[in-house]
Amino acid sequence: RNSARFSKNSFNFDYDIELVLDEADARECFREFLKNVHTEEPLNFIESVEDYKRKLHFESMRRKALQIIQKFISEGSLNEINIGSELKRNIKSNFD
């Protein structure tokens, strides 16, 4: 495992994304990078899925899943992530 040092002024791209997401400073540097290139949606999606995984009760999981679908999967949503149409249909069909 690489030891990572991150700052707002420099970022070494020689790291696994899991390391970046697990390290708070690295995650914030990554978020700043994504803001600069106007594509923060993938990180927001990952964080929403992480929150979903922490849910303990079925109904709260279902509500969070529907929020994720509406915010990131639904066609034309402001935070729509770039995934294939077949995958979108499969995801949506599980919640119809």
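Colleague: Where does lysine 71 sit?
Modeller: In this predicted model, lysine 71 is part of helix H4, which covers residues 58–73.

Colleague: And is lysine 71 buried, partly exposed or exposed?
Modeller: Partly exposed, because its relative accessible area is 40%, and that falls between the 20% and 50% cut-offs.

Colleague: What does lysine 71 touch, leaving aside neighbours within four places in sequence?
Modeller: Ser77, Asn79 and Glu80.

Colleague: New topic, then: what's the phi of histidine 38?
Modeller: Positive, about 55 degrees, even though histidine 38 isn't a glycine. Most residues other than glycine have a negative phi.

Colleague: Where in the chain is histidine 38?
Modeller: In the loop that links helix H2 (24–36) to helix H3 (41–54).

Colleague: Buried or exposed there?
Modeller: Histidine 38 is exposed, since its relative accessible area is 70% and the cut-off is over 50%.

Colleague: OK, on to phenylalanine 45. Which helix is phenylalanine 45 in?
Modeller: Helix H3. Phenylalanine 45 counts as partly exposed, because its relative accessibility is 22% and buried means under 20%.

Colleague: Which residues is phenylalanine 45 in contact with, again leaving aside neighbours within four places?
Modeller: Ile68, Phe72, Ile73 and Ile81.

Colleague: And what's the C-alpha separation between phenylalanine 45 and isoleucine 69?
Modeller: That one is 9.8 Å, for two residues 24 apart along the chain.

Note on methods
Residues numbered from 1 in each chain as written. Predicted model: local features only at pLDDT ≥ 70, side-chain atom pairs only at ≥ 80, totals over all residues. Heavy atoms only, no water. Helix = DSSP H or I, 4+ residues; strand = E, 2+ residues; numbered from the N terminus. Buried < 20%, exposed > 50% of the residue type's maximum accessible area, 1.4 Å probe, protein only. Contact = heavy atoms within 4.5 Å.
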